[in-house]
Amino acid sequence: PVTGLFIYTEGCHLVSEDLANGRQEVFYNAVEEISTIALQYDGKFVAVGCAYNPMTKFGPIVIWDLANKRIEKTLEHHNCSIIGLQFSRDDRFLLSVSDYRECSIAIWACQDYTVVCQATTDYPIHAAIWHPYNANEIVTVGRNATLLFWYLNDENYQEMKLEVSPAEFPKEVFRPGDENHDVTSLACSGKDQLLTGTSNGVICVWSIADRRCFMHWQADNTEICSLSGSCGHVLTGSASKNIRLWKLPNIESILTQADSTKSQKGVVMEREQTLDAPITSLVFDENLEMGLASTTNGSIWYINWSETEAECVRIISGHQTKINSLVSCVGNDEFVATACADGSLKLWAMDSRDQAAQFLVIGQECTCVTFCAEHVDNKNTKELLEYNQVVHPLKRYEEQPSQCLAGYQDGTVRMFDFGQMKMLLKTKPHSCRVTSIAASFDGRVGISGSDDGLLVISSLTTGMTVRVFNDHRGGALCRITQQQTQNSLSSSLWLASSSDCRISVWRSDWSKDICELNDWITFVRPSYSSDQGADNEAIPCLAVFSPSNSDLLVYTGYTVQKEISFYSMIKRKVVKTVSISNWILALDISPCGNLLAAGTKDRLVKLIDCESGTFQDFVGHYEAVQHAKFVKSGKALVSSAHSELLKWDVLI
C-alpha cells in the first residue's frame, strides 16, 4: 500500500502495475493458466502456481526473481493443478497445495527448492496458511468440515515430518439441510486467533492453542471466498459480491465462556461494499483500512475505509464471461468494443486499459458488435465525415466513438450511443441468434446475419427491414465485412461468409437503394468421419477484403487443405495460397494490407506476411484465440480468448 505497486495474474500472465503512474509490466508468461501466486516476505521472489500441463503431466510451480526479472527455478512435483502457495514467515519454506485429484500438500526448502516432506488428506483442501508467528505451524481447511492443524517437525533436517491434529466445528455451524459442509477460506488474526469461513456464510473464530471455536456468526448467505483479520476486526469477501468489515467484541471475556453458541452477540458490521461480481481475494493493510479486492469479473478494486466516506475505485477491468465479438474503432486507435455472453457491450480505452462505458441487456447474450457512423442528411457534411468520426451533442464525449450496433441471441439488433449513453434503436429482424453484423459507411443501414443463414438489411433510422436475402440458407453466417469502392460513403462492396464455406460478394449504393450480387465463391469442404467432425465443424469461414488491393479477397476456413487463399474478384479464381499448420479461428488484415493476424485453437496469435507467406507465432493466451483485430494505424493488435483480452504492439 505504501509504494502503490501490486502484482496480479491475468490468464497465463504475471503482471505488475504501479498505481501512481499506471505503468504495467508483464513479468512472466506461463504455458498454462496461473491459478495462484505467493510473494516472499522479503519481496525478492514470487512463486507462481499453474494449472495442470498435459504435456509434462505436472502442475508446475515457477519461482520468479523479481529484481532480475528471470525464472529462478521451475518445480514439478504435483500431478495436478496447484491451488495454493504460501511462504513461511521466515522465508525458509514454501507450502504448495494440489487440487481435488491429489488432495496433498508439500513443503519445499527455499534454500534449494527440494521437497522436504509431504502429506495427503482424505478430502480436497480449499485453503492453507502458515502461522504468522510460529514458523513451523500450518493450518488447512477443506471439504466435509475439515480443519487440520499441522506441525512441521524439523529437528532432523534430513527426515522432516508433518504431524497433524484435526479440530471439530460446532454442530450449529453447518445446518442439517446444507448440501455441502465446505470450509472455503482461512486467515490468522493475531498470535492465537484463527478465522475460518464456510460455504454457507458462517465465520468461526478459533483459539489456536486450544483448537477450539469460541465464537461464530452468520456473515453472509453465500460462500465466504476470502478472509482477513487484524486489530479486533474481520474483513469478509463473499460470493454475493459483498465486502464487509466486522468489529469483534472483547475476546478475553468470550474465551472464558464454555458455550460458543452464546458468543455470537456483540459482533457489529461497520462497513459494507458491494462490487461487480463474487470476491476472489482481499489484500489489505494491517489496519484493514486500505487495500485491493479482486472479483470473478476480472476486476480489481481499490478500497479506502480510512476516510469518513468510503472510497471504492475500479483500477483493473475485465470480463466475467466469454467474449463473443471484438471490434476496433475504425476512426482512431483509442477504443475497442466487446460483446459478451452475459449480455454486456463494453467499450475499452486502449491507453488506460480501462472500461470506458458499458451497456447491459439482462437475460440476453450479446453475440456480435460493430461501430457505425452517424447518418447525416446534409450531403456536404456527409461526404466529409470519416467512418466513426462524428460530431457529438455533448462536448465532453468528443473523445469517445459515438454509435455501436450489436446483435443478440434472441434475434434482436440494438443501436447504442456511447456519447449520449442511451439506446437509440431496437429492432428484431431475425427469429434466431444474430451471428454477424455490419453497418454501412454512411450510417444508413445495418447488415445482419443469423444462425439460419438469413441476411437482413435494416434501416438504422426507422428500424424497418429493407431487404432479406436467403442465399446462405442452411449455413450460419460467420462474418460480414465491407470496403468502400468510390469516393462516396454510400457506395461499397460487402461480403458475407457462412459456415458451409460459401462467400457472397455484393455491390451496393445505399443512397440509390442498389444492392446486387457481384460474386459467389464456394470452397470444397473435406469429408470426415463422425468422430473427428465435431471439432472441425466449429472452424469458421472467414473472409476479408485487402485494403491495399481492391481486387483481392482473403479467405480461410475448413477446406481440403490448411491454407489461406487470396482470391481475385476480377479473374474470379484463387491466385495465391499460404499454407498454415493450424486451423484458424480468427482472421484480420492490417490497414496497409501487408500483414495478416490469425488466432488458432492452439492458443497462438500468428502474424503472417501477405507477400512472402512467412509467419511468426506469439504465445500469450490460455485458451483458443477466437478474435484478432488490428487498430486503424496498424501499430497494435487486440486479441481475445474466452474472457481474456490482450493488446499487442506491432513492431514490424
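This is a predicted model: local features need pLDDT of at least 70, side-chain atom pairs count only at pLDDT 80 or more; totals for chains, interfaces and linings use all residues.
Visitor: In which order do the 4 strands of the open sheet lie, and in which sense do they pair?

Guide: Strands of a sheet pair through backbone hydrogen bonds, and this can happen in a parallel or an antiparallel way. In this open sheet of 4 strands the pairing is antiparallel, and the order is S40-S41-S42-S43.

Visitor: Which strands stand at the edges of that sheet?

Guide: An edge strand has a single partner strand, so one of its sides is left without a neighbour in the sheet. The twist from one strand to the next averages 20 degrees. The strands at the edges are S40, residues 477–484, and S43, residues 514–522.

Visitor: Which residue in S43 stands opposite Trp506?

Guide: Strand S42 covers residues 502–509 and pairs with S43 in the antiparallel sense, over 8 bridges. Across from Trp506, the residue in S43 is Leu517.

Visitor: How many disulfides does a search of the whole structure find?

Guide: A disulfide requires two cysteine sulfur atoms within 2.5 Å. The sulfur of Cys501 is 5.2 Å from the closest cysteine sulfur, which belongs to Cys541, and this is too far for a bond. For the structure as a whole, the number of disulfides found is 0. Cys366 is likewise in no disulfide, and its nearest cysteine sulfur, that of Cys368, lies at a distance of 7.0 Å.

Visitor: Is Cys366 buried or exposed, and what is its relative accessible area?

Guide: A residue counts as buried when its relative accessible area is under 20%. Cys501 is buried, at 1%. Cys366 is also buried, because its relative accessible area is 0%.

Terms used
Residues are numbered from 1 along each chain as its sequence is written. Side-chain values use heavy atoms; hydrogens and water are left out. Two strands pair if DSSP finds at least two bridges between them. Helices (H or I, at least four residues) and strands (E, at least two) are DSSP runs, numbered from the N terminus. Axes are lines fitted to C-alpha atoms, for helices over the stretch in contact, and angles run from 0 to 180 degrees between N-to-C directions. Buried means under 20% relative accessible area, exposed over 50%, partly exposed in between (1.4 Å probe, protein chains only).
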